[in-house]
Amino acid sequence: LMNQYDKELRTLNLAEEDTLVLGRLIYTLGVVLHCASNAPAAPNMGKTLLDFVRVFTDIYVLDEYVKQSILFATSIVAQISPVAVMTAEIYPQLMDIRLWAEELLTESISADTTELAVYALDIMDTVIGRGSSLLILIVCSKEYVPLS
């Protein structure tokens, strides 16, 4: 044990170098949450997943794959959360990620990410209680307009 005390260890740097691993991890956690949607612990699992992905929305230089995985996981959390849990526990986190998804519509260079952001916003709007809004995506300016 003492022979290699000064050896540098290479570990994962999920936010910068190992973004593929981060994206796969978030996608996998979203799928696990979806599979556990009927479990009593699912709302707590969803809250924990939102806390985890919310950290990465503050990083401005994210890989498109990571952005897509965050949108996917957030959509899963919004779909499986009961209304009581939605309003009481995860509403602030969901609104922060919703604002981030709105910013993606104007900043994203990937059409897939923009399309996923539109779908995620529609799901969040429906679940949050704003009604099912129609989202019109204007491709040339990349901004959306929610219609009642």
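Helix 4 gives the largest share of the lining of the largest pocket, 6 residues. Helices here are DSSP runs (H or I, at least four residues), numbered from the N terminus. This is a predicted model, where local features need pLDDT of at least 70 and side-chain atom pairs count only at pLDDT 80 or more, while totals for chains, interfaces and linings use all residues. Residues are numbered from 1 along each chain as its sequence is written, and side-chain values use heavy atoms, with hydrogens and water left out.

The largest pocket holds about 290 Å³ of space. A pocket is an open set of points on a 1 Å grid over the protein atoms alone, where a 1.4 Å probe fits, with protein on both sides within 12 Å along at least five of seven lines; lining residues have an atom within 4 Å of a point. Of its 15 lining residues, Thr57, Asp58, Tyr60, Trp100 and Glu103 are the closest to the centre. Helix 2 (42-57) and helix 4 (83-107) are the elements that give two or more residues to this lining. By class, the lining has 7 nonpolar, 1 polar and 7 charged residues. Ala, Val, Leu, Ile, Met, Phe, Trp, Tyr, Cys and Pro count as nonpolar, Asp, Glu, Lys and Arg as charged, and the others, Gly among them, as polar.

Axes are lines fitted to C-alpha atoms over the stretch in contact, and angles run from 0 to 180 degrees between N-to-C directions.

| Helix pair | Angle | Axis distance |
|---|---|---|
| Helix 1 and helix 3 | about 15° | 8 Å |
| Helix 2 and helix 3 | about 150° | 10 Å |
| Helix 3 and helix 5 | roughly 20° | within 9 Å |

How do helix 1 and helix 3 lie to each other, roughly parallel or roughly antiparallel? They are roughly parallel, a term for angles under 35 degrees, with roughly antiparallel kept for those over 145. The contact of helix 1 with helix 3 has 14 nonpolar, 6 polar and 1 charged residues.

With its angle of about 150°, helix 2 is roughly antiparallel to helix 3. Contact (heavy atoms within 4.5 Å) is made by residues including Leu49 and Val53 of helix 2 and Ala73 and Val77 of helix 3. The residues of this contact divide into 9 nonpolar, 3 polar and no charged.

Finally, the axes of helix 3 and helix 5 (residues 111-128) cross at roughly 20°, which makes helix 3 roughly parallel to helix 5. Among the residues that meet are Glu64 and Leu71 of helix 3 and Asp112 and Leu116 of helix 5.

Conventions
Angles under 35 degrees count as roughly parallel, over 145 as roughly antiparallel, 65 to 115 as roughly perpendicular and the rest as oblique. Grid points are joined across faces, edges and corners, and a volume is the space filled by probe spheres set on the points.
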